[in-house]
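Please take a moment to look over the sequence and the structure shown below.

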Amino acid sequence: MATEGDVELELETETSGPERPPKKPRKHDNGAADVERVTDYAEEKEIQSSNLETAMSVIGDRRSWEQKAKQEREKELAKVTIKKEDLELIMREMEISRAAAEWSLREHMGNVVEALIALTN
């Protein structure tokens with residue numbers, strides 16, 4: 001029995017409304033779901049193949065453009081005159097190959113100080 005100040009909790013044994021067993025997942029919807037999945041997959045494949053062709057042409061165009069830009073840049077750098085003393089100084093001080101020292105000097109229009117700074121950073 002409950003005394004003063006005690007609280008009794010009543011457990012509800014009846015549920016409001018009929019209880020339904022949990023739904024079982026259906027394995028097949030008369031084949032309609034399976035057919036739709038196959039159709040979606042086939043459509044997706046077609047879309048991907050057309051996108052692939054477009055992407056490949058864009059990549060090819062970009063590569064050729066980058067190659068042209070690189071060749072033009074190399075032509076410009078070849079026109080830059082560099083001093084033999086500057087080249088040897090960079091090779092000796094930075095302990096790098098002749099080609100790397102020459103490239104650095106050409107990139108910085110023959111300026112030894114800028115070439116050295118770029119190589120140290």
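In which kind of crossing, left-handed or right-handed, does H2 pass H3? In this predicted model, H2 passes H3 in a right-handed crossing. Helix H2 covers residues 84-94 and helix H3 covers residues 98-107, and their axes, which come within 9 Å of each other, cross at roughly 120°. That angle makes H2 oblique to H3, since an angle counts as roughly perpendicular only from 65 to 115 degrees and as roughly antiparallel only over 145. On the side of H2, the contact is made by Asp86, Leu87, Ile90 and Met91, while H3 brings Arg98, Ala101, Glu102 and Leu105 to it. Sorted by class, the contact of H2 with H3 has 5 nonpolar and 3 charged residues, and no polar ones.

H2 also packs against a further helix, H4, and here the angle is about 25°, with the axes 11 Å apart. H2 and H4 are therefore roughly parallel to each other, and their crossing is right-handed. From H2, the residues making this contact are Asp86, Leu89, Ile90 and Met94, and from H4 they are Val112, Ala115, Leu116, Leu119 and Thr120. The residues of the contact of H2 with H4 divide into 7 nonpolar, 1 polar and 1 charged.

In soluble globular proteins, nonpolar side chains tend to be buried together.

Ser104, which is found in helix H3, counts as buried because its relative accessibility is 1%, and buried means under 20%. If residues up to four places away in sequence are not counted, Ser104 touches Ala115 and Leu119. After H3 comes Met109, whose phi is positive, near 55°.

Note on methods: Residues are numbered from 1 along each chain as its sequence is written. This is a predicted model: local features need pLDDT of at least 70, side-chain atom pairs count only at pLDDT 80 or more; totals for chains, interfaces and linings use all residues. Side-chain values use heavy atoms; hydrogens and water are left out. Axes are lines fitted to C-alpha atoms, for helices over the stretch in contact, and angles run from 0 to 180 degrees between N-to-C directions. Helices (H or I, at least four residues) and strands (E, at least two) are DSSP runs, numbered from the N terminus. Angles under 35 degrees count as roughly parallel, over 145 as roughly antiparallel, 65 to 115 as roughly perpendicular and the rest as oblique. A crossing is left-handed if the near helix is turned anticlockwise from the far one by less than a right angle, and right-handed if clockwise. Contact means heavy atoms within 4.5 Å. Ala, Val, Leu, Ile, Met, Phe, Trp, Tyr, Cys and Pro count as nonpolar, Asp, Glu, Lys and Arg as charged, and the others, Gly among them, as polar. Buried means under 20% relative accessible area, exposed over 50%, partly exposed in between (1.4 Å probe, protein chains only).
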